[in-house]
Amino acid sequence: MERPIELPKRADNHIRETSGNKVLESLIPSEWIIRSVTERDYGVDCYIELVDEQNRLTGEIVFVQMKATDKINWRKDNGFKFHNIEKTTTNYLKSFIIPTYLFLVDLSTREMFFVPVKEYIAEHYEEYMEHDTFAYEFYSNSNFFTVDAFLRSFRRNNLYDQFRNELQYFISN
């Protein structure tokens, strides 16, 4: 009897990543543009270019670190702590001028949750500075992805960055 030839097997995490990207594509408006980052993955999986209600390109871009899990096991307080991001990756995501978000997809429900990286670090700065590892906390009620919730977060983060830049300018002059 002839032995079957061995072929490569697709890794489970690659399948989850592909499934997570399909959920992302299904949840954002069709007018928005998703551009995959094809170079080796150091933290940014794709970026999204926002388009306004009149289908005009706005020049507003968001970097996305996409994570997917088979099932989110929410605690009784509706929280979930995600540990699977290296601190070096968080440092990298924090370094961008462009707003950067961590998206977490629950593949069992096809729901997506999001956290703005810089804002989250600012809110948990002591933990970020004192530990070699850093985890992101998601809550099913406040981090649930809807287009409106995401846009509110995006606008708030842009205002924060603008305020910080203007404050630095004011202090230095």
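Arg155 is partly exposed, at a relative accessible area of 39%. I start there since this residue takes part in a salt bridge: in this predicted model, Glu60 pairs with Arg155, and the closest N and O atoms are 2.9 Å apart. The two residues come from distant parts of the chain, Glu60 from strand E3 and Arg155 from helix H5, which covers residues 147-172, and 95 residues separate them. Glu60 is also partly exposed, with a relative accessibility of 22%. The cut-off for buried is under 20%, so Glu60 at 22% counts as partly exposed.

How many salt bridges are there by this rule? The count is eight. I will go through two others.

Next, Asp70 and Arg16. These two form a salt bridge with their closest N and O atoms 3.7 Å apart. Is Asp70 buried, exposed or partly exposed? Asp70 counts as partly exposed, at 48% relative accessibility. The cut-off for exposed is over 50%, so Asp70 at 48% stays in the partly exposed class. Arg16 is partly exposed as well, with a relative accessible area of 25%.

Then Asp77 and Arg75. Here the closest N and O atoms of the salt bridge are 3.1 Å apart. Which residues belong to the network that includes this pair? Salt bridges with shared partners join Arg75, Asp77, Lys81 and Glu137 into one network. On accessibility, Asp77 counts as partly exposed at 43%, and Arg75 is partly exposed with a relative accessible area of 36%.

Which residues does Glu127 contact, leaving aside its neighbours within four places in sequence? Glu127 is in contact with Lys81, Phe134 and Ala135. Glu127 itself lies in helix H4, residues 125-130, and is partly exposed, with a relative accessible area of 28%. For a sense of distance, Glu127 and Leu7 are 120 residues apart in sequence, and their C-alpha atoms are 45 Å apart in space.

To recap the pairs: Glu60 with Arg155 at 2.9 Å, Asp70 with Arg16 at 3.7 Å, and Asp77 with Arg75 at 3.1 Å.

Conventions: Residues are numbered from 1 along each chain as its sequence is written. This is a predicted model: local features need pLDDT of at least 70, side-chain atom pairs count only at pLDDT 80 or more; totals for chains, interfaces and linings use all residues. Side-chain values use heavy atoms; hydrogens and water are left out. Helices (H or I, at least four residues) and strands (E, at least two) are DSSP runs, numbered from the N terminus. Buried means under 20% relative accessible area, exposed over 50%, partly exposed in between (1.4 Å probe, protein chains only). Contact means heavy atoms within 4.5 Å. A salt bridge is a side-chain nitrogen of Lys or Arg within 4 Å of a carboxyl oxygen of Asp or Glu.
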